[in-house]
Amino acid sequence: MKAFITGITGQDGYYLSELLISKGYEVHGAIRRSSSINTQRIDELISKYEDSNKFNLHYSDLLDPSSLSNLINVIEPDEVYNLGAQSHVAVSFKNPLYTTQTSALGPITLLEAIKNSKKNIKYYQASSSEMFGGVNKDSLNEESKFIPKSPYAAGKVFAHDITKIYRESYGLFATNGILFNHESPYRGETFVTRKITKAVGRIYYKIQSKLTLGNLDASRDWGFAGDYVKGMYKMLQHNEPDDWVLATGETHSVKEFAQLAFKEVGLNWEDYVETSSKYERPNEVEHLLGDPAKANKELGWKPETSFESLVKMMVENDLKSAEKEKVLVNENLLNPTWENPSIN
Ligand code: NAP
Ligand code: F7E
């Protein structure tokens, strides 16, 4: 089996690649040319599979249609996982066109290429709980209404709809995984969970003195990315294409996350956390809670990692990296510029 993954350098790209390789897949991923190295998460896989055809990278971009259709034709994948996106909601307000183009044009280009290839290629679209808008405390499922509140979410709604349209119009095996927030030690450092756990590590080792956050009352249904990629894989093995929610069924506030993360190292969060409006969004998604019953019933998927284990895993990882940073800071080999990041 061959899989083609866009967004392979991202959090989910790493976990999904590892999972598919363990299942015997030949994995192909699209990477973007970047002026600084953007393969840190997958460097381990690159070196491990250097002498085999298990893990292969190709230059491409979701905004370069010919490169995507060429890759579909050359690789001839059995499965395409479209994970690539400008995935930061706050940044989407600053770069709305770019965000929308990657979220919306990428999927339609891939779906066209799959349709035109006339091969039975299965397609996974990375849909998001952000599409629901979080306007009340209801538990959200596949039937819940989309009320997007950001350019990011609006682009994802388009991608979700076009995936369904290609499924219904052309009989493509095109699925949407509506995933609620999922985190890990590989989570981008400007998302709130990782921003908190990075700060906890550095505050513990006294190379950071405070942590500035935005809206502490927002709540999210946070799961572990390693569990969620198993759900993506299961969706493409199902006998029929469809849409499925992956979530834990629990919601916690940003405040609760911070409280627990600081508690892991024996510190009181209130001694270190400040708030600033610069980390607030023009239109906030206040509350998200998902209902994964359909995925549980039809795919046999369930989250395996509790909220507490997730926080602990992330804090332990970032404590180790802060310990190494402290050595470098003490030897004047690293400048601690993380004290007051300008954005996110
Ligand atoms: P992530 O860590 O931000 O990774 C995003 C990936 O997309 C990176 O590989 C990035 O490449 C790539 N990318 C960005 N712009 C691109 C472009 N123009 N062309 C090609 N690739 C581009 O995101 P993630 O957390 O792994 O999430 C994976 C997908 O699931 C995303 O589509 C996200 O929107 C969606 N999603 C995520 C969550 C979540 O909680 N994590 C929940 C629901 C849905 P570079 O490394 O070069 O920047
Ligand atoms: O924010 C609040 C912020 O940036 C979570 C993406 O993967 O999940 C992610 O989007 C909440 C929001 O993730 C800070 O206002 C407070 O209410 O970690 P986040 P997100 O916006 O939920 C969805 C499902 C996706 O699809 C996205 O791709 O935390 N918050 N203070 C903060 N957020 C950030 N980033 N930084 C703060 O300082």
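Trainee: What makes up the shell around ligand 1, by class?
Mentor: The shell around ligand 1 has 12 polar, 9 nonpolar and 5 charged residues. Keep in mind that this is a predicted model.

Trainee: Which residues come nearest to ligand 1?
Mentor: Thr9, Arg32, Ser87, Tyr98 and Tyr152, of the 26 residues around ligand 1.

Trainee: Why is the pair between Tyr152 and ligand 1 called a polar contact?
Mentor: A polar side-chain atom of Tyr152 lies 2.6 Å from an oxygen atom of ligand 1. The cut-off is 3.5 Å between N or O atoms, so the pair counts as a polar contact. Gly10 uses a backbone N or O atom, 3.1 Å from an oxygen atom of ligand 1.

Trainee: How much of ligand 1 does the protein bury?
Mentor: The protein buries 89% of the 900 Å² that ligand 1 exposes when taken alone.

Trainee: Which element gives the most to the shell around ligand 1?
Mentor: Strand 5, with 3 residues. Helix 1 (11-22), helix 5 (96-117), strand 5 (122-128) and helix 6 (151-170) each supply at least two.

Trainee: Now ligand 2. Which residues come nearest to ligand 2?
Mentor: Ser87, Ser128, Tyr152, Arg281 and Glu284, of 24 residues around ligand 2. By class, that shell has 9 nonpolar, 9 polar and 6 charged residues.

Trainee: Which domains supply the shell around ligand 2?
Mentor: Domain 1 (2-183 + 221-246) and domain 2 (192-220 + 252-286 + 306-330) each give at least three residues.

Trainee: How many helices and strands does the protein chain have?
Mentor: The protein chain has 11 helices and 13 strands.

Trainee: Why is the protein chain called as compact as a globular protein of that length?
Mentor: Its radius of gyration is 20 Å, and the globule rule gives 20 Å for 344 residues. The two values are close, so the description holds. The C-alpha trace spans about 60 × 50 × 35 Å along its principal axes.

Trainee: What share of the protein chain is buried?
Mentor: Buried residues make up 53% of the 344 residues. The test for each is under 20% relative accessible area.

Definitions and conventions: Residues numbered from 1 in each chain as written. Chains lettered and ligands numbered in written order. Predicted model: local features only at pLDDT ≥ 70, side-chain atom pairs only at ≥ 80, totals over all residues. Heavy atoms only, no water. Near = heavy atom within 4 Å. Nonpolar A, V, L, I, M, F, W, Y, C, P; charged D, E, K, R; others polar. Domains from an automatic or database assignment. Helix = DSSP H or I, 4+ residues; strand = E, 2+ residues; numbered from the N terminus. Rg over C-alpha atoms; globule rule 2.2 N^0.38 Å. Buried < 20%, exposed > 50% of the residue type's maximum accessible area, 1.4 Å probe, protein only. Polar contact = N/O pair within 3.5 Å; in protein donor to acceptor, adjacent residues only side chain to side chain. Areas by Shrake-Rupley, 256 points an atom, 1.4 Å probe, with all protein chains shown as cover.
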